[in-house]
Every structure is written in structure tokens, then in C-alpha cells.
Amino acid sequence: MAIVYKRPHALTDEVFHYCPGCTHGIIHRLIAETIDELEIEGCTVGIAPVGCAVRAYDFFSCDMVQAAHGRAPAVATGLKRARPENIIFTYQGDGDLAAIGMAETVHAATRGENITVIFVNNAIYGMTGGQMAPTSLPGQVTQTTPYGRDTNSAGYPIRVCELLSTLDGVALAQRVTVDSVRNVRIAKKAIKKAFENQIKGLGFSIVEVVSSCPTNWGMAPNDALKWLQDNMLPYYPLGVYKDISEGGENK
Amino acid sequence: MAEKVLMKGNEALAEAAICAGCRHFFGYPITPQTELAAYMAKKMPKIGGTYLQAESELAAINMVLGASAAGVRAMTSSSSPGISLKTEGISYLAGCDLPALIINVQRGGPGLGGIQPSQSDYWQATKATGHGDFQILVFAPSTIQEMVDLVFLAFDLGDKYRMPAMILLDGMLGQMMEPVVLPEAGKTVVPDRPWAADGHKNKRPHNIINSLYLDPLKLEQTNIERFKRYEKIKGTEQRCEELHTEDADIIIVAYGASSRVCRNAVAAARAQGIKAGMIRPITLWPFPVDTIQKRLVSAKAFLTVEMSMGQMVDDVRLAVNGAKPVHFFGRTGGIIPSPPEVLEQIELINGGI
Amino acid sequence: MRPDLNLLLAGFGGQGLLFGGKVVAYCGLIENREISWLPSYGPEMRGGTANCSVCISDEPIGSPLVLSPNALIVMNLPSLEKFIDTVEAGGSVFIDSSMISKRVDRKDINVFYIPATKLAEENDLKGLANMVLVGKLCKELGFCSKETLFAAMEKSVPPSKAELLEKNKKALQIGIDYL
């Protein structure tokens with residue numbers, strides 16, 4: 001009997017601890033499939049963030065390092081400079097990457113650090129219980145914006161791909177989502193390209209995955225995806241913001 | 001023997017680190033350690049190493065963490081305010097059992113403080129270079145030659161015990177020049193690091209470098225194991241220099257720059273017939289408790305001299321444990337005490353014993 | 001045992017005092033004595049006050065910070081006023097009299113007035129007044145031989161700046177010859 005679907009080797013047997021309807025699981029799988037397809041598990045080192053994905057070090061079969069909140073790109077820089085032959089990826093949420101770690105993100109990007117960044121944007125701090133994130137939408141109700149995000153006092157969300165695409169060191173900045181089979185396929189292609197870029201030495205590649213957080217958004221999984229489609233995607237348009245690879249939109 | 005050369009403290013530290021096999025330096029500019037980073041920036045590209053000026057001290061220490069996790073000798077250097085920022089990463093290094101060398105060329109504080117020499121980060125270095133239950137090795141050189149030697153020791157012991165090590169000096173020692181003999185290459189061997197996150201090559205289970213333990217019992221057990229290691233270090237790695245302590249009535253305890261001033265003061269006191277001596281801690285953690293306790297019977301009083309409001313004196317008092325009086329003299333804010341000032345303190349104490 | 005040299009060099013940043021101190025320190029290194037060199041440091045990289053302590057001794061050096069010099073090279077008035085009273089009785093002071101017109105009142109020290117800046121400029125050695133003063137210091141105090149002094153200069157000038165070596169040596173010689 002032919003096997004048509006199995007757990008990628010790059011994922012361990014550890015059971016995901018993520019909430020029902022959370023998209024971390026899909027994104028983990030896409031990364032693991034990529035590692036398998038590129039046959040790089042033996043030379044890949046992943047960096048787990050602080051946040052819901054902190055235990056990513058238990059889920060991926062490659063070597064893993066757990067970084068302080070926001071510092072994953074700096075830790076990745078150290079790992080890559082020490083062993084340039086290895087493939088280094090970070091897995092970061094919006095608070096980690098775009099709030100406390102914004103300096104590390106921007107500077108790793110502008111240095112053209114040859115690493116791969118998977119950025120999960122669900123517009124909320126998940127693990128700490130649903131506080132406002134730098135990417136929370138105007139008017140979005142969170143634990144720390146109980147009357148909705150008031151842009152007069154809490155400012156505006158940050159569009160990370162747009163911001164980073166202005167930097168010369170960036171090879172790929174692409175925003176995807178995993179709300180449908182079609183979009184999962186696009187996300188997989190983008191993640192694979194972000195790893196291939198590193199193998200080719202092209203520089204900093206970031207894939208932003210617009211995601212849902214049913215638990216902290218207070219919605220059923222399907223409603224959360226609907227909310228994502230109706231509210232997140234208009235604010236965070238999907239697409240390629242920079243791509244210097246062969247066949248890419250800008251060189 | 002290799003040639004004696006004249007080198008600035010900051011440059012000697014850099015050259016020694018290179019000799020000790022360090023090829024990865026991550027820093028951020030701050031006075032008065034600048035020459036160290038500048039030396040690395042000049043040398044590293046020529047020997048295939050990495051010099052990287054990070055966007056902040058936070059980033060620099062986490063780059064060190066990454067490089068150390070990958071299994072190479074890595075270091076950073078800074079001065080007091082910058083070390084405060086690095087404490088986050090130092091705590092993670094300790095929690096991940098990673099070696100790394102951190103150099104603190106101290107300046108006056110708190111806050112932006114000043115840029116002149118100081119020893120007011122003793123508490124930070126020995127008690128709390130970050131949150132949580134942990135210690136790091138702390139070395140306090142007093143000459144440029146000793147700086148070079150301690151760079152090797154700090155890397156070697158950091159590797160041996162899998163923990164961060166700090167060389168704690170001050171602006172005076174960093175800026176001054178003295179003759180120094182650099183060790184031959186190959187004096188130190190970088191050990192294998194089977195624990196490193198350097199790619200499992202499909203030959204072993206994956207390595208995880210991590211300081212998170214969601215189960216409090218596991219975290220407690222990990223900390224207990226780590227403190228067993230610390231106890232072993234306390235038993236074997238205490239280092240200090242004794243100067244005229246055998247017959248000393250008054251024993252000065254001073255490290256680094258202030259110990260140099262005290263050396264003059266001890267000589268001047270001896271010239272007057274006062275039996276003064278000095279214990280100069282070379283390791284601040286582990287603190288040389290054993291040597292101080294060995295002198296408790298013969299000494300009549302202790303005098304701690306620091307370029308601070310009085311920090312190491314706490315450890316001297318703990319070691320003396322009330323057996324003899326412990327006095328303190330310090331200048332702070334970037335002032336280096338003068339030998340006559342210290343001599344005056346010795347004379348005062350001598351009048352009272 | 002040879003006497004200790006506790007030298008302070010003081011003046012404006014840019015007058016080459018730190019370099020002058022380095023040459024003196026190398027003299028001690030060549031003669032295999034204990035030495036230390038300590039600069040003042042701070043935001044005044046150029047034009048502010050700068051000074052530098054050099055100790056040469058046969059004993060290990062304690063504090064490298066010279067608070068009571070037995071030799072003082074001074075190249076501006078603020079530094080003269082700041083440090084003249086700190087000189088040990090019996091010590092020697094070397095004053096660039098082209099920069100400082102003031103005379104020293106103290107009778108318990110030896111004072112040498114050398115128009116170092118003027119001498120340097122007259123000999124097409126602009127900027128090397130520091131070395132004129134070091135030459136004079138060496139001759140008067142005899143802390144090392146002339147050969148050592150010139151060898152120290154060779155160690156202090158990087159090979160990439162070889163054309164400066166002869167000029168510096170010439171400036172030292174002017175100081176040595178100045179009566």
C-alpha cells in the first residue's frame with residue numbers, strides 16, 4: 001500500500017501542545033516538509049522564540065536553541081557566523097519579532113544575515129493570555145485594549161514585510177496565510193524559497209504567516225479564520241514585497 | 001621565550017583571546033573598552049574570524065550565545081552600563097550551561113555615571129549578572145600580563161564547567177600599557193562540545209540548548225545540580241595573591257586597580273614599621289574565602305579598599321564572620337584612591353589595635 | 001638600584017604627549033625594567049587637556065597613576081598651574097617656554113625652560129616639540145642612554161611611517177643638544 005501522507009521526519013513524535021484551531025501546527029509541518037525535501041535536517045539549527053511556540057525545540061528533529069524574547073535573530077546571527085555551512089531558521093511571533101525584538105529583526109535584515117525567519121502574525125500575545133501585539137488591528141479588543149485598540153494612545157499596527165522590504169539586505173519578504181488549501185500551498189512555496197535562498201547565500205529571507213488565535217480572539221476556529229479573512233487580510237495584504245531570487249519580482 | 005611587548009590592557013585582552021582560539025567577537029561601542037573592539041575589528045577579518053558590531057549590547061550577548069551554542073569560543077566586551085544590558089543574555093547563558101567570555105572594563109555608576117575607572121560593579125558581577133539562581137566565574141587581573149593569563153584561564157574554566165566567565169577590570173587597567181609576553185599559540189585546546197547545536201548530521205538525536213523548564217521540580221533539580229558544580233568550583237578554583245601576610249597585623253583586601261595602589265601603601269607602612277600585608281583576590285567568584293580564613297588567627301584587623309562605596313567588603317565580612325574587625329576605605333565615581341590615603345587608613349587602624 | 005622615574009607629561013591634546021610618554025616607556029622596556037604608561041582619557045580627544053603618567057622602576061609598579069612626579073614635562077599654562085605643586089622636592093620640570101611665558105617660583109625643584117615648539121618649527125619639525133622635550137629630559141635625568149632612547153623611538157614609530165622616524169630622532173637630538 002502506498003503511503004500518501006505521513007509525519008515529516010523533521011518533526012519529532014512529540015504531541016503539539018497548541019490550542020484547537022491554531023495554525024502553528026500547519027506552519028510547523030510546512031517547515032518540516034521543507035527540511036525533509038531539501039534534505040537539510042542534519043545541518044539545520046532552529047531557534048525557538050518566547051511565546052506559544054517556545055516549545056518548538058521539542059517539535060523539530062533538527063538541533064534547536066531556545067532564545068530570549070525577541071533575540072532570535074541575534075542568536076541566529078551567532079549560530080550562522082560560527083557555522084556558516086549550517087542552515088539557521090528562527091520561528092517568531094509578532095510580540096517577539098515586531099515589539100521586543102524589532103531592533104534585532106531590522107538589523108539582522110539590514111546586515112543581510114543569511115538566515116530564514118518564519119514570522120507568525122496573529123495580532124495578539126497568545127501565551128501570556130491575549131494582550132495587544134504590535135500587529136493588533138485598530139479597534140481590536142484584547143486584554144490590554146479592552147475598549148479596542150485606540151490608535152490615539154496605542155498607535156498603529158506595524159506592517160513588517162512592507163517595512164523590511166525597504167532594506168538592501170533583504171532577499172525575500174513575503175506575506176502568506178494558511179486559511180485554505182490554496183493558501184497553504186502558496187505558504188509552502190514561500191517557506192521553501194526562504195530556505196533555498198539561504199542555501200544559495202542570498203541573504204535575509206522572511207515569510208510572514210498571517211495566522212489566527214481562536215482562543216485569545218474568543219472565537220471558534222472557523223469563525224477565527226473568517227475574522228482573519230475579513231479583518232487581517234485587508235490590513236496585511238498577501239503577496240511578495242521583495243524577492244531578489246531568480247524569477248523574483250525585484251532584483 | 002616570546003618577546004616582551006608594550007600593550008594597552010584592552011588590546012592585550014583582545015590579542016590574548018585570539019591566541020586562546022577565540023574567533024568570534026560581538027560588541028557594541030562604549031568607553032573605556034573601545035580599543036578592545038577596535039583591535040578585534042582590525043585582526044579578525046585577517047585570520048578568518050568574526051568581528052561584528054551589533055545593534056545593541058542585548059544583541060551582542062545573544063550573538064555570543066548563538067555562537068557558543070554552535071560550539072565555538074565566543075566573547076563580548078563592554079563597560080558597566082553595557083553590562084547591565086547584557087545581563088539578560090548572561091542569565092540565559094548560565095541557564096543553558098554555555099561557556100562565554102564577557103569583559104567588563106568598569107566605569108563609574110549608577111546610570112550613565114562617568115567614564116573614569118571604577119569598581120562599583122562588584123555586586124553585579126559576583127551576585128547578580130542577571131535574574132535567577134546562578135553564578136559566573138569572575139576574574140580580576142591587576143597587571144596586563146595577568147589579563148593575558150586570565151583570558152586563557154577564563155576560556156578554559158568556562159569550557160570545563162560549562163559556564164560564562166567574566167574578566168572584571170576597570171578603565172585604568174584597560175587604558176594603561178605595560179610590558180607583556182603573549183603566550184605561544186596552542187597553549188590551550190578547545191575541547192569537543194558534544195552538546196552543541198551544530199547540526200546532528202543524522203548521526204545523533206537532536207541537541208537542544210534551552211533554559212526553560214515548565215515543570216518546577218525539573219527546574220529545581222537542574223538548579224541543584226548546577227549548584228553542586230558551583231560547590232566544586234568553590235573548593236578548587238579560588239585564587240589570590242598574598243603579599244607579606246605571614247606576619248601582618250593589618251591585612252588589606254583589594255583587587256585590580258585598587259590593589260596596585262595598596263601595594264604602594266603596604267610598602268610605605270612597612271617602611272614605618274607597621275606590619276601591613278595584602279590579600280589580593282584574583283578570582284572574585286569563587287571568592288578566596290579559604291585564604292582569608294587562614295589568616296584570621298594571625299591578623300588583628302582587615303581593611304578592604306575598593307573604588308566603590310563598599311561592595312567586596314560584604315564578602316570579606318562573611319569570610320571573617322566577626323572574628324576580627326573589618327574596615328573599609330573607598331573612593332568612587334571614577335576616583336582612584338591615592339597611596340597616602342590608604343596609608344592613613346592603615347595608620348588609623350594600627351593606632352587602635 | 002637605579003632611581004625610579006615617575007614622569008607626568010601634560011598639555012593640550014594633539015601635542016603628542018601620549019606618544020612622548022610611550023617613547024620613554026619603551027626606554028624602560030629596552031633596559032628590561034618595570035614600566036607602566038597610563039593616559040588620561042575622556043571626551044577631549046583633540047585640543048582639550050591631556051596628560052600621561054609613565055613609571056620606570058626596578059621594583060614592580062604599584063599605582064601607575066603619577067600623583068607626585070619626580071619629572072614633569074609641561075606644554076601649556078593650565079597644566080603647569082595644575083601640576084607644578086605636585087612635583088616632588090628635588091624633582092625636575094621641563095617647560096615648553098614657547099607655549100608658557102610664566103616662570104616657576106619654587107626653589108626646591110630643577111626647572112628647565114626649553115622653547116621646544118619654536119626650536120621644532122625652526123628646524124622644519126612642526127609638531128615635534130614633544131620629542132625635543134623628551135630629548136632634554138633624557139639628557140638631564142640620564143634614566144637611559146642615548147642609544148636606548150633612539151632604539152625606543154624606532155620601536156614607537158610604526159614601519160608604515162618610517163619617514164617620521166628620522167624627523168623624530170632629529171627632534172630628540174635638538175633636545176639633547178639644547179643647553
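Student: How many residues of chain B are in contact with chain A?

Tutor: The model is a predicted one. On the side of chain A, 35 residues take part in the contact. Their counterparts in chain B number 36 residues.

Student: What area is buried between chain B and chain A?

Tutor: Carbon and sulfur atoms give 57% of this area. By class, the side of chain B that touches chain A is made up of 18 nonpolar, 13 polar and 5 charged residues. The buried area is about 2,600 Å².

Student: Which residue of chain B meets the side chain of Arg111(A) in a salt bridge?

Tutor: Between chain B and chain A there are 3 salt bridges. A salt bridge requires a nitrogen of Lys or Arg within 4 Å of a carboxyl oxygen of Asp or Glu. For Arg111(A), the N to O distance is 2.9 Å, and the partner is Glu55(B).

Student: Which element gives the largest share of the side of chain B that touches chain A?

Tutor: Across this interface, 19 residue pairs are in polar contact. The elements of chain B that give two or more residues to that side are strands E2 (24-27), E3 (50-53) and E9, and helices H3 (57-69) and H4 (80-95). The largest share amounts to 8 residues and comes from H3(B).

Student: Which residue is the bridge partner of Met64(A) in E9(B)?

Tutor: Strand E2 (residues 63-66) of chain A is joined to E9(B) by 2 bridges, and the two strands run parallel. In E9(B), the partner of Met64(A) is Ile208(B).

Student: Which strands stand at the edges of the sheet of 8 strands?

Tutor: This open sheet has mixed pairing and the order E7(A)-E5(A)-E6(A)-E4(A)-E3(A)-E1(A)-E2(A)-E9(B). Each edge strand has a single partner strand, so one side of each is left without a neighbour in the sheet. The strands at the edges are E7 (239-243) of chain A and E9 (208-209) of chain B.

Student: At about what angle does helix H10 of chain A run to E6(A)?

Tutor: Within the sheet, E4 (residues 116-121) and E6 (residues 204-210) of chain A run parallel and are joined by 6 bridges. Val120(A) has Val209(A) as its bridge partner in E6(A). Helix H10 (residues 221-235) lies across E4, E5 (170-177) and E6 of chain A, and its angle to E6(A) is about 140 degrees.

Student: Which residue stands opposite Cys240(B) in E12(B)?

Tutor: An open sheet of 5 strands in chain B has the order E10-E12-E11-E14-E15. Strands E10 (240-243) and E15 (326-330) of chain B are at its edges, each with a single partner strand, so each has one side without a neighbour in the sheet. E10(B) runs antiparallel to E12 (residues 276-281) of chain B, with 4 bridges between them. Opposite Cys240(B) stands Pro281(B).

Student: Which residue of chain B forms a salt bridge with Lys155(C)?

Tutor: The contact between chain C and chain B takes 20 residues from chain C and 23 residues from chain B. The count of salt bridges here is 1. Its closest N and O atoms are 3.1 Å apart, and the partner of Lys155(C) is Glu3(B).

Student: Which element gives the most to the side of chain C that touches chain B?

Tutor: There are 6 residue pairs in polar contact across this interface. Helix H1 (17-30) and strand E2 (34-39) of chain C each supply at least two residues. The element that gives the most, with 5 residues, is E2(C).

Definitions and conventions: Residues numbered from 1 in each chain as written. Chains lettered and ligands numbered in written order. Predicted model: local features only at pLDDT ≥ 70, side-chain atom pairs only at ≥ 80, totals over all residues. Heavy atoms only, no water. Contact = heavy atoms within 4.5 Å. Polar contact = N/O pair within 3.5 Å; in protein donor to acceptor, adjacent residues only side chain to side chain. Pairing = 2+ DSSP bridges. Axes fitted to C-alpha atoms, helices over the stretch in contact; angles between N-to-C directions. Buried area = accessible area lost by both parts, 1.4 Å probe. Nonpolar A, V, L, I, M, F, W, Y, C, P; charged D, E, K, R; others polar.
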